[in-house]
Amino acid sequence: MQKYKKGFKNECFVLKLRALFLYFFYIFKIIFAKKKMGFLKQIQYPKWKQYVISISLVIIVSTSCFLLSDIIGNKAVALLLLVLVSLIAMTFDIMPVLISATLSALIWNYFFIPPLFTFHI
């Protein structure tokens, strides 16, 4: 009797895992079908515009997080900056992404990690 119950649980787990895999495969297929989904294509801005937009977005998000840092804390700021860099990475070339990632890491270290206003952790 114990073997039957254990096997039944394993079968349910396998079926759930298979359904989860098929679900994620379906989502992956929808998202990355670039012929059908034109909004996922990279936006082709000039290089200088990509740099200006990415740096200004990092500064705007960092400034707004600095004003709300007592409420949200430094871990939420790190998450917001990470999401911002991920969005920049989906739309721009590699160099503006690297610069915005470096800038956001330095800003997070300097303004949000104690001791504040130093690069020492």
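Is Phe-92 buried or exposed? Phe-92 is buried, with a relative accessible area of 5%. Buried means under 20% relative accessible area, exposed over 50%, and partly exposed in between (1.4 Å probe, protein chains only).

1. **Ground rules.** This is a predicted model, with residues numbered from 1 along each chain as its sequence is written. Local features need pLDDT of at least 70, side-chain atom pairs count only at pLDDT 80 or more, totals for chains, interfaces and linings use all residues, and side-chain values use heavy atoms, with hydrogens and water left out.

2. **Confidence.** pLDDT is the predictor's confidence in each residue, from 0 to 100. The protein chain averages 79. Of the residues, 64% score at least 70. Over residues 4-8, pLDDT stays under 50. Where pLDDT is low, the predicted coordinates should not be read in detail.

3. **Two helices.** Helices are DSSP runs (H or I, at least four residues), numbered from the N terminus. Helix H3 spans residues 69-91. H3 and H4 pack at an angle of about 170°, with their axes 9 Å apart. Axes are lines fitted to C-alpha atoms over the stretch in contact, and angles run from 0 to 180 degrees between N-to-C directions. H3 and H4 are therefore roughly antiparallel, a label for angles over 145 degrees.

4. **Their contact.** From H3, the residues include Leu-81 and Val-85; from H4, they include Val-97 and Trp-108. By class, the contact of H3 with H4 has nine nonpolar, three polar and no charged residues. Ala, Val, Leu, Ile, Met, Phe, Trp, Tyr, Cys and Pro count as nonpolar, Asp, Glu, Lys and Arg as charged, and the others, Gly among them, as polar.

5. **Ile-99.** Ile-99 sits in H4, residues 94-111. Its relative accessibility is 32%, so Ile-99 counts as partly exposed. Ile-99 touches Tyr-51 and Ile-55, not counting residues up to four places away in sequence.

6. **Aromatic pairs.** The whole structure has eight aromatic pairs. Rings of Phe, Tyr and Trp (its six-membered ring) pair if their centres lie within 6.5 Å; planes over 60 degrees apart count as edge-to-face. Tyr-45 and Phe-92 are edge-to-face: 5.9 Å centre to centre, 65° between the planes. Tyr-45 lies in the loop between H1 and H2, and Phe-92 in the loop between H3 and H4, so the pair ties together parts 47 residues apart in sequence. Tyr-45 is partly exposed, at 33%.

Conventions:
Contact means heavy atoms within 4.5 Å. Angles under 35 degrees count as roughly parallel, over 145 as roughly antiparallel, 65 to 115 as roughly perpendicular and the rest as oblique. Rings of Phe, Tyr and Trp (its six-membered ring) pair if their centres lie within 6.5 Å; planes under 30 degrees apart count as stacked, over 60 as edge-to-face and the rest as tilted.
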